[in-house]
Amino acid sequence: MRLDKYLTLCGLGSRREVRKIIASGGIEVDSIPVLKPETEVHNGARVTWDGENLVYRPYVVIAMNKPAGYLTATRDAHAKTVLDLLPPELQRRDLSPAGRLDKDTTGLLILTDRGDLVHRLISPRHEISKVYSAELDRPADGSDAEAFAKGLDLGDFTSLPAVLEILPGSEARVTVHEGKYHQVKRMFEARGKTVLSLHREAVGPIHLPPELSPGEWRYFTEEECRILLDACGLKI
Ligand code: URA
């Protein structure tokens, strides 16, 4: 792969920006200074910038703890979006959120530049679970759990069977395998209950990393990528 493309995939900037960085010196491939953007970088090469090792990422998968008040969108003329929480080099990487969380919903949001992964995570056909904890205006009961398990008529569609776990107080945990607009809120609404707050705990085998405070994000580890791609029937 050409050095300029390689450096963009390390998150150093756009093609134009990395060409400037190359021209100004400081990039070395296997300890040899390189000044030409078209230089081929072979697999396993050690590439450094001012002596710092660069990490090549052919694709990016990110876990974010989405805070309330941010739109799940890549841009918006007026409101803050989840992309505003990422550094500029990641904002340039064409990342998409895998499924939408409402503006007031918090918790695990996966962002990636792998279109096949986004598709598999959101398509009901691939049955990737999404687990939410909800605070309700009043406690759910066994009849709600039965109705969730059967599938609820929501007017424009009937929800797929979902698991409702009743927690102490007015809390509940819901596992769904689809993500239509306001889905969980509408499911509770159909049972005469209002969701006061909603938080996504997990997507498929991936749980919200406990070290992430609201608004924080981190790269998936290689192991997490492997586990998620595997659950989605995809290869690394
Ligand atoms: N269901 C909802 O109602 N809202 C969300 O943000 C996610 C699932």
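Into which domains is the protein chain divided?

**Figure 1. The protein chain is divided into three parts: domain 1 (3–53), domain 2 (61–124 + 205–231) and domain 3 (129–203).** Keep in mind as you look that this is a predicted model. The protein chain has seven helices and 13 strands, and its C-alpha trace spans about 70 × 35 × 30 Å along the principal axes. Between the centres of domain 1 and domain 2, taken over C-alpha atoms, there are 28 Å. Of the 236 residues in the protein chain, 46% count as buried. Among contacts with a separation of 6 or more, 63% come from residues 24 or more positions apart.

**Figure 2. The largest nonpolar core has 31 residues.** Phe148 and Phe188 are the residues with the most contacts inside this core. At least two residues each come from strand E5 (61–66), strand E7 (106–112), strand E8 (130–136), helix H5 (142–150), strand E10 (171–176), helix H6 (183–190) and strand E11 (195–203). Domain 2 and domain 3 each give at least three residues to this core. Another core, of 19 residues, lies apart from it and includes Tyr59, Ile206, Cys225 and Leu234. As a general rule to take along, nonpolar side chains tend to be buried together in soluble globular proteins.

**Figure 3. Here is Phe148 with its partners from elsewhere in the sequence.** Neighbours within four places in sequence are left aside in this view. Phe148 is then in contact with Leu160, Pro161, Ala162, Leu164, Val174, Met187, Phe188 and Arg191.

Figure 4. After H6 comes Gly192, which has a positive phi, near 75 degrees.

**Figure 5. Thr105 sits in the loop between strand E6 (96–97) and E7.** Is Thr105 buried or exposed? Thr105 counts as buried because its relative accessible area is 2%, and the cut-off for buried is under 20%. Leaving aside neighbours within four places in sequence, Thr105 touches Lys66, Pro67, Ala68, Lys185, Leu198 and His199.

**Figure 6. Tyr132 is a residue of strand E8.** With a relative accessible area of 8%, Tyr132 is buried. Once neighbours within four places in sequence are left aside, Tyr132 is in contact with Leu101, Ala172, Arg173, Val174, Val176, Val184, Leu198, His199, Arg200 and Glu201. Look for Leu164 as well: 32 residues along the chain separate Tyr132 from Leu164, and their C-alpha atoms are 9.8 Å apart.

**Figure 7. Arg57 lies in the loop between strand E4 (52–53) and E5.** Arg57 counts as partly exposed because its relative accessibility is 25%, and this class runs between the 20% and 50% cut-offs. Beyond neighbours within four places in sequence, Arg57 is in contact with Leu9, Arg93 and Tyr219. Thr8 is 49 residues from Arg57 in sequence, yet 9.3 Å from Arg57 in space, C-alpha to C-alpha.

Methods: Residues are numbered from 1 along each chain as its sequence is written. This is a predicted model: local features need pLDDT of at least 70, side-chain atom pairs count only at pLDDT 80 or more; totals for chains, interfaces and linings use all residues. Side-chain values use heavy atoms; hydrogens and water are left out. Helices (H or I, at least four residues) and strands (E, at least two) are DSSP runs, numbered from the N terminus. Buried means under 20% relative accessible area, exposed over 50%, partly exposed in between (1.4 Å probe, protein chains only). Contact means heavy atoms within 4.5 Å. A nonpolar core is a set of buried Ala, Val, Leu, Ile, Met, Phe, Trp, Tyr and Cys residues joined through side-chain atoms within 4.5 Å. Domain bounds come from an automatic or database domain assignment.
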